[in-house]
Every structure is written in structure tokens, then in C-alpha cells.
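Hi everyone, thanks for making time for this. I'd like to walk you through a structure, so please have a look at it while I talk.

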Amino acid sequence: MAENKVILDHIDDAGEQAIEAYQAHGGYKGLEKAMKQMTPAQILDEIKISNLRGRGGAGFPAGIKWSFIKRDAPGPKYLICNADEGEPGTFKDRKIMTSKPHIIIEGMIIAAYCMGLDTGYIYIRGEFFEPYQAMDKAIEEAYSKGFLGKNILGTGFNFDLHTYLGAGAYICGDETALMNSLEGKRGYPRLKPPFPAQFGLYGRPTTVHNVETFAAVAPIIANGGKWYSELGTPKSGGTKLFGISGHVERPGVYELSLGTPWKEFFEDIAGGVRGGKKLKAIIPGGSSTPVLLPHELEGMLLDYESIQSKGSMLGTGAVIVFDETTDMVKVAYRAMKFYAHESCGQCTPCREGCDWYYDILGRIYHGEGRIEDLDTLEDLAKYIGPNTICAFGDAFVTPMLAFIRKFRSEFMDYIEKGKYGLQAVLDAEKKSEEINHA
Ligand SMILES: Cc1cc2nc3c(=O)[nH]c(=O)nc-3n(C[C@H](O)[C@H](O)[C@H](O)COP(=O)(O)O)c2cc1C
């Protein structure tokens, strides 16, 4: 099985960012079809038939989300593209924005027309300056061709689209924190319900999707929902972008039919473990998804259900590969450093829990762990995940517990034998700094 390029089709062609190149490859045909030949209800039906699920991590069905919006309700209604892409290991949205920005814009206009939304925002993470510039340029081109603004394609439908550069905070990827941030407030997540479809941006009905979700919309409308659905499995329609990194021969972003066997992707397409080493573990969908061991990967298919049946999640499709030389205690400690830095601090269990986890993992890593530390981490977990406003608590507790449970003997080595001891760790860190600065 090879790659199946729907979103990534022509993406590496020189000049594909420009509207002319995009149109030469069939771009904006989906929009014309949607607005000239279809009713909003027919568009919604095609999205439902396509079986498209949100690509931002949770996998919620797009057609159901769109049906929550009351198209004819008076007053402003908003569409937001979540381009925060903060999940460690994830680098797919950046590629679409930089290299094929019009496929996102076309999908957003179709979505806005279908749901009757008048204004859209693309919320881009602070560090993504190049994608931000690419999106701005593409929006300008779309206005100049009459695809954005007033009376789009002579249908009387108006839709304005803007970019917004965030400040580079992981929490602003949560859709409700994102909306607060867009409103100029601190990026704190909001309690749900009410859901964005009822009380979203500025308290108005709002639909939020990931970049990749919007990028799938125009191909679905151009080719039909059935066509898209059949590219995947009966429960996981279409294709998905997988960004693979770490100890792998050919890291990069690949587009695969959902349901592609893991083995074929990893060995045939991505080239297997770098340097012929043995595989120790992978993280399948970004740092918030639990680590999987080689025996758990046997027979695994790359779709939502199969990865879940192995005890992890498809998440953002960001695969991180670890070879046999990887120190999993260090991986857990380093990942926890990220979460401790990024917790927004609004909920006490998450704010304090992150620091506790980071401190305890730190003392284990530095050769000063206590025999009861792993039990303390297990116990602490019960008080974090269920007691926070957003999913951040779960997003760090679940993968941390998987590290501890699946690599217990490595953690115990550190604790019981002080495996490397503080001085050895400091020496190793100094050496790696020297290499980095050489
Ligand atoms: C802490 C946190 C960070 C998130 N970061 C992102 C992100 O960077 N990009 C994204 O699309 N969704 C992110 N999400 C999920 C969004 O809240 C939301 O579910 C998603 O944007 C909906 O889009 P979809 O329906 O296309 O999946 C994050 C959620 C949480 C709790």
C-alpha cells in the first residue's frame, strides 16, 4: 500500500502556494460546485456521508458538528481554523499552510456557506511566522478572485476571513482557550457546556476545526462524500496525514488511507528504524497519546478504532519513534517539562499536579528517586484528569502513566540503583551541550 495523496497532491510542486497553480490543479472547483450546484443541506449530507472526523485530536464527526449550527439564526456567526499545532511531534498543519494554503481557504468558504457563517479566523501559533505569511498572501489572492468578501461567485453570500497570530501557548490550541485568546483575553479554557455552537466567539454560534479537517472539505465536495469515505475504513473515512519523527529512516509528513497497516507505513514508506537498530517503542499520535511497545503494534492499522484497541489514540497522527538506545525515563521527564511549562494554571489539580509530576520525575532521573515515587504518581493521577476544565490534565497524566507502567523496570533501576547517579547525569548533560554547541 502506498501513500494516497488527496490533501498532499501536488503539495511539493514549485509555486503550488499561488492561486493560479492551485486552480490549475482543480482548486476552487469544489467551491464552485458547492455554491452553484448544491444547497447547504446537500453539502451537509456529503460531509456526513464522507465520514470525515476532526483531525485536531479528538476525532469528532465533522458532519454532526456542522449540524449543530442553526443556519438561519440572525446575527453574526463565526468559523475558526485551529492552526495552533502545539502538540509535540505534530508538524502536518504547518506543511499545508506553507505549501498549499488555498486548500484550507476553499474548505473554510464551503463550510461557512453550508452553515451560514459570515466571518472566519485562522488562529496560527506564534512561532509559525512563515505559515502566517503564506496564509495572509493566499487570503489576499482569494479576495482578488472574488472567492472571499461580498457576493461570492454572485450568490449573494458574504464571508470575510482573517489570520490571527497567537503568542505560542499550547493551551490556546484548546478551542475555548483559543476563543478567549482571539477575544483579547487570557487564554484560559472555558467550561463546556455551553458548547461553541451555542456560545462561541464573542458569545456567538461558532464552529472550530483543525487545519487538516478544513483541507479535506473541498476534495470531498469535488469528488463526493462516498468517494472520500471509501478511501478509508467503514468507521474511519478518508485519508489522514501522519507526521513521523524520531529514530526513523525517512521522517516527514505522509498521507495515508485510514486503515493502512502500521507495518507497511513504518517499514515500506518511512524506512523503519534509523541505522538498522531495534525498535523500542512509539508514540502514535503526539505526546499526549500513550506509548506503545513493539508487540502491541502487531496487526495494528492506522485508524481511530485499531489504535484505540491497542490502548492508545490516533490523536494528531504524530508518530514519534524510539530505538533501543532510548532512555525512557529521560523521555518522560523531558515531556513532563513541556507540560509543566504549558499548564495555564487555571485549575489547581493541573497546575499543581504538573509541578508534582515534573519534580518527582526529575528526582528519579537525577538518581534521587524514592521507592514510593511511582505509587505516588499513580495515586496523584486520580485527582488530576477528572477535575480540570479542559483535557490538558488527561493529556499529560495518561501518557505519563503509560511510560511508568510499560517501562517500570527502567524507572526502578533509576530509583533502586540510582542507575546513573546525579553526577553521571550532569556529566552526560554537559557532554550533550558541548556537542550541540560544537
Ligand atoms: C490542551 C489542548 C490543546 C489542543 N491543541 C490543538 C491544536 O493545536 N490544534 C487543533 O486543531 N486542536 C487542538 N486541540 C483540540 C481542540 O480543542 C478542538 O477539539 C479542535 O480544534 C477541533 O477541531 P476538529 O474538529 O477538526 O478536530 C487541543 C485541545 C486541548 C485540550
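**A walk through the model**

You can find Thr-39 in the loop that links helix 2 (29–37) with helix 3 (40–50). If you look from Thr-39 across to Gly-146, which is 107 residues away along the chain, the two C-alpha atoms are separated by 20 Å. Please keep in mind throughout that this is a predicted model.

Now let's zoom out. How many helices and strands does the protein have? The secondary structure comes to 18 helices and ten strands. The radius of gyration is 23 Å, close to the 22 Å that the globule rule gives for 438 residues, so the protein is as compact as a globular protein of that length. Along the principal axes, the C-alpha trace spans about 75 × 45 × 45 Å.

Of the 438 residues, 56% are buried. If we take the contacts with a separation of 6 or more, 72% of them join residues 24 or more positions apart. As for the surface, the protein exposes about 18,300 Å², and carbon and sulfur atoms supply 52% of that area. There are 48 positive and 57 negative charges, and their mean positions are 3 Å apart.

Next, the inside. In soluble globular proteins, nonpolar side chains tend to be buried together. Here the largest nonpolar core has 63 residues, and Trp-66, Ile-104 and Ile-105 touch the most other members. Which helix gives this core its largest share? That would be helix 6 (residues 101–115), with eleven residues. Apart from this core lies another one, of 55 residues, including Ile-320, Val-329, Met-336 and Leu-374.

Let's stay with Ile-104 for a moment. Setting aside residues up to four places away in sequence, Ile-104 touches Cys-81, Ile-96, Met-97, Met-135, Val-211 and Phe-214.

From there, come with me to Gly-30, in helix 2. Is Gly-30 buried or exposed? Its relative accessibility is 2%, so Gly-30 counts as buried. Gly-30 and Ile-221 sit 191 residues apart in sequence, yet their C-alpha atoms are 5.3 Å apart in space. Leaving out residues up to four places away in sequence, the contacts of Gly-30 are Glu-106, Ile-110, Ala-218, Ile-221 and Ala-222.

Two more residues have contacts I'd like to show you. Thr-316 belongs to the loop between helix 12 (304–309) and strand 10 (318–323). Thr-316 counts as buried, because its relative accessibility is 9% and the cut-off is under 20%.

Neighbours within four places in sequence aside, Ser-229 is in contact with Ile-49, Ser-50, Asn-51, Gly-237 and Gly-238.

To finish, some backbone details. Most residues other than glycine have a negative phi, and most peptide bonds are trans. Where does this model have cis peptide bonds? One runs from Lys-192 to Pro-193, with omega near -10°. Another runs from Pro-193 to Pro-194, with omega near 5°. Pro-193 is in the loop between helix 8 (175–182) and strand 4 (206–210), and Pro-194 lies in the loop between helix 8 and strand 4 as well.

Then there is phi. Tyr-28 is not a glycine, but has a positive phi of about 70°. Tyr-28 is found in the loop between helix 1 (19–24) and helix 2, and is buried, with a relative accessible area of 1%. Leu-153 likewise has a positive phi, near 50°. Look for Leu-153 in the loop between helix 7 (129–144) and strand 3 (160–165). With 22% relative accessibility, Leu-153 counts as partly exposed.

That's my tour, and I'm happy to go back to any part of it.

Terms used: Residues numbered from 1 in each chain as written. Predicted model: local features only at pLDDT ≥ 70, side-chain atom pairs only at ≥ 80, totals over all residues. Heavy atoms only, no water. Helix = DSSP H or I, 4+ residues; strand = E, 2+ residues; numbered from the N terminus. Rg over C-alpha atoms; globule rule 2.2 N^0.38 Å. Buried < 20%, exposed > 50% of the residue type's maximum accessible area, 1.4 Å probe, protein only. Contact = heavy atoms within 4.5 Å. Areas by Shrake-Rupley, 256 points an atom, 1.4 Å probe, with all protein chains shown as cover. Lys, Arg positive; Asp, Glu negative; His and termini not counted. Charge placed at Lys NZ, Arg CZ, Asp CG, Glu CD. Core = buried A, V, L, I, M, F, W, Y, C linked by side-chain atoms within 4.5 Å.
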